[in-house]
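Welcome, and thanks for taking a look at this one with us. Please open the structure below and keep it at hand while you read the briefing.

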Amino acid sequence: MDIWASLQRIYAIMAKELVQMRRDRMTFAMMLGLPIIQLILFGFAINTDPKSLPTAVYAEDNSAVVRRVLSAFEQSGYYQLLHKAKSPEQGSEWLAKGEVSFVIHIPQGFTRKLVRDEQPQLLIEADASDPAAASNAIGQAKEIVNQALRTELLGPLAYLQTPAAQIEVVIHKRYNPEGITQYNIVPGLLGVILTMTCVMITSMAMTRESERGNLENLLAMPTRPHEMMLGKICPYILVGLVQTLVILGAAKFLFAVPFFGSFGLLLCGVMVFILANLCLGFTFSTVARSQMQAMQMTFFFFLPSILLSGFMFPFRGMPQWAQSIGEVLPLTHFLRMVRGVMLKGNGLLALQQEFVALLLFIVVVGTVAILRYRRTLD
Amino acid sequence: MSELAIDVRGLVKRFNDKAVVRGVDLQMPKGQVWGFLGPNGSGKTTTIRMICGLLEPSEGEGRCLGFDIRKQARQIRDATGYMTQKFSFWEDLTIRENLAFVARLYNLPKRGQLVDQTLAKLGLTERQNQLSGALSGGWKQRLALAAVTMHKPDLLLLDEPTAGVDPQARREFWDEIHQLSNQGMTVLVSTHYMDEAERCDKIVYLAHGNILTQGRVADVIQRAGLITFQGKGEQVRRLAEQLKGTPGVEHVAFFGAALHISGRDRAKLQSAIQALPKDDTHWQEIQASLEDTFISLMQDAGKDTREHG
């Protein structure tokens, strides 16, 4: 009989739990939605052997052999030849901005030297700031060139087909020549930590007031939406800046991450990025009905931020649709900023696109927050 | 500016098609203390929120202190003090921090001094650095009242300010309300307590989202035309069952050891009493109380809404 009563109680709790689960739509959506999102992201978007990396070509020589070599790069799948650079400087600029991952330089007289068996050079400049993104493509480069020669050098040129390489492939790893993972991860971590704390803290801002019964009082007093928003956001800018200093200190003293760019410029970028995240958190907070919901929204946002921003996996290795989603996330732009400033020594000119993107994000999200802000209890 | 502090007409509020307030007209002159009465869910809180611009009416319009309740919510907020039913100040701020926060939001001059004065008046100067969450229910309400009146509003809206507060604290609270009224504040206060209703200049009785009656307490009782007999004796508990449902007996209620039966037809009530088995119960006609009147009004209103669907 005791067991029967106990089973009854277990059943009562189970039934209540199921009813509550069904009423809490957000949790329900999360339980169904998260596995699907994760499956799609991990299954399709993330690629640890990134292919089709954007590549620029600066060719000072043009011949059938050159074209054959270049098309071999393209056919390998690792390199996607997108641009033709007009000067070596232009190629370097693209590399700094992150628009291309590689610049292939074919020097003058390449074909002539090849025919004369003088071992011409083929130069590949690689953005090695993310060692994972570049290493496979770099490793394949020599093989690609040799393969191309083997099929190209026929007929009268067949005598050049010796086991030794007739082309010297010179690889110039820029920004992180030793391929130290920390150099890439630690600056990235700054963005990840700021994203998580800033969005989470402010997403609680309004929900906490309503959950504790303070909202009615707050609304009954003369406060305007923008006053509320700025008042809620500003204290956390300070918190974010303190976090930044701690992480940058650790980057320098614990991990010896180099810092080539301007510290002031980086701080500007950090401010804008913090603001973008705080605005987003505040917007969540005007939409969510409880602190729990605000937490869930933060998590929903955090997951793609980590996976699609280029923090964990090479951004250029993702399919186009995933890159498009990534472009919307503030973290993506911040990573380019922080890595650009620290590892590449980029200036404002190279970063202006990222600044514009973040400011645009702030304007859009901030407007949504002001519009969504409840002036009444309706 | 009109002489009416509150002048609203035809206020209707629906939540998901469910009407909570169904056409409230209220004209309240300045400088008075009015009681807002009615059972739970009768629409008191919703009406008060519409008056101070916290909820947008589904229908109807009106003015509060001369400002349009739909379009000038900001001006209304500046000039009213609204004390919510549940304590809505910050429990994780100290008493002083709460007052200072409010003073700053309203941009009050000489803030520090004002907060000091308010604390002294409350008798909380020594406890000013305690978290307000640590205060007892009665003290919380007094703190809230002090906080919502710091900016000297013209109109004070109090939503069940004394619910769950002990009698002593309630009396002190009401003394405070009368003091504020003497300073010229208009006060609309909702309550469930009959003794509090009797301290008001006028009462407004709300049920099912409609105003059933309003006026001075004595007028409301008289207008209802209720006749009440009081029975005292050993057997009244048994008699109560018997009297329920007897023609002419509209309602039956205990007041301590005494039984009150009321109705609108004296003759029928008398014959109902006559028909009871003879025992030592002593019956006499008494003045109907406000509570009898309200219960009777509410039952009538209940019948109406059931009949009209």
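Here is a short tour by topic. Please bear in mind that this is a predicted model. Chain B has 11 helices and 14 strands, and chain A carries spans that UniProt lists, in an unreviewed entry, as "transmembrane region".

**Chain B as a whole**

- The C-alpha trace of chain B spans about 75 × 45 × 35 Å along its principal axes.
- Of the 309 residues in chain B, 40% are buried.
- Among contacts in chain B with a separation of 6 or more, 69% join residues 24 or more positions apart.

- B:K13 is part of strand β1, which covers residues 4–15 of chain B.
- Is B:K13 buried or exposed? B:K13 is buried, because 23 other C-beta atoms lie within 10 Å and the cut-off for a buried residue is 20 or more.
- Although B:K13 and B:S58 are 45 residues apart along the chain, their C-alpha atoms are separated by 4.8 Å.
- Leaving out residues up to four places away in sequence, B:K13 touches B:V20, B:V21, B:T46, B:M50, B:L55, B:P57 and B:S58.

**Strand pairing around β4(B)**

- Strand β4 of chain B, residues 59–64, pairs with β1(B) in the antiparallel sense, over five bridges.
- Within that pairing, look for B:D7, which stands opposite B:R63 in β4(B).
- β4(B) also pairs with strand β5 of chain B, residues 67–68, again in the antiparallel sense and over two bridges.
- β4(B) and β5(B) form a hairpin with two residues between them, and B:L65 in the turn has a positive phi of about 55 degrees.

**The two domains of chain B**

- Chain B is divided into domain 1, residues 4–215, and domain 2, residues 221–308.
- Taken over C-alpha atoms, the centres of domain 1 and domain 2 of chain B are separated by 35 Å.
- The contact between these domains takes 11 residues from domain 1 of chain B and eight residues from domain 2 of chain B.
- Which elements give two or more residues to the side of domain 1 of chain B that touches domain 2 of chain B? They are α7 (194–197), β9 (202–207) and β10 (210–215) of chain B.
- β10(B) gives the most to that side of domain 1 of chain B, with three residues.
- By class, that side of domain 1 of chain B has seven nonpolar, three polar and one charged residues.

**Spans listed by UniProt in chain A**

- The unreviewed UniProt entry lists residues 26–46, 185–206, 233–257, 263–285, 297–315 and 355–373 of chain A as "transmembrane region".
- Residues 26–46 of chain A are 95% helix and 0% strand, with end C-alpha atoms 26 Å apart.
- Residues 233–257 of chain A are 84% helix and 0% strand, and their end C-alpha atoms lie 31 Å apart.

**Nonpolar cores**

- The largest nonpolar core has 92 residues, and those that touch the most other members are A:F102, A:V103, A:F273, A:A276, A:L278, A:C279 and A:V338.
- Helix α11 of chain A, residues 263–287, supplies the largest share of this core, with 12 residues.
- Why does this core lie between domain 1 (53–174) and domain 2 (181–372) of chain A? Both domains give residues to the core, so it lies between them.
- A:L278 is in contact with A:C198, A:T202, A:I233, A:Y236 and A:I237, leaving aside its neighbours within four places in sequence.
- Another core, of 78 residues, lies apart from that one and has B:L26, B:C64, B:I95 and B:L156 among its members.

- A:S52 has a positive phi of about 50 degrees although it is not a glycine.
- A:S52 is found in the loop between α2 (25–45) and β1 (53–59) of chain A, and is partly exposed, with 18 other C-beta atoms within 10 Å.
- B:H208, also not a glycine, has a positive phi near 50 degrees.
- B:H208 sits in the loop between β9 and β10 of chain B, and is partly exposed, with 19 other C-beta atoms within 10 Å.

**Where the chains meet**

- 12 residues of chain A are in contact with 17 residues of chain B.
- The side of chain A that touches chain B has five nonpolar, five polar and two charged residues.

Notes:
Residues numbered from 1 in each chain as written. Chains lettered and ligands numbered in written order. Predicted model: local features only at pLDDT ≥ 70, side-chain atom pairs only at ≥ 80, totals over all residues. Helix = DSSP H or I, 4+ residues; strand = E, 2+ residues; numbered from the N terminus. Buried ≥ 20, exposed ≤ 12 C-beta atoms within 10 Å, placed from the backbone. Contact = placed C-beta atoms within 7 Å. Pairing = 2+ DSSP bridges. Domains from an automatic or database assignment. Nonpolar A, V, L, I, M, F, W, Y, C, P; charged D, E, K, R; others polar. UniProt positions renumbered as here; feature names shortened; annotations may be inferred. Core = buried A, V, L, I, M, F, W, Y, C linked by C-beta atoms within 7 Å.
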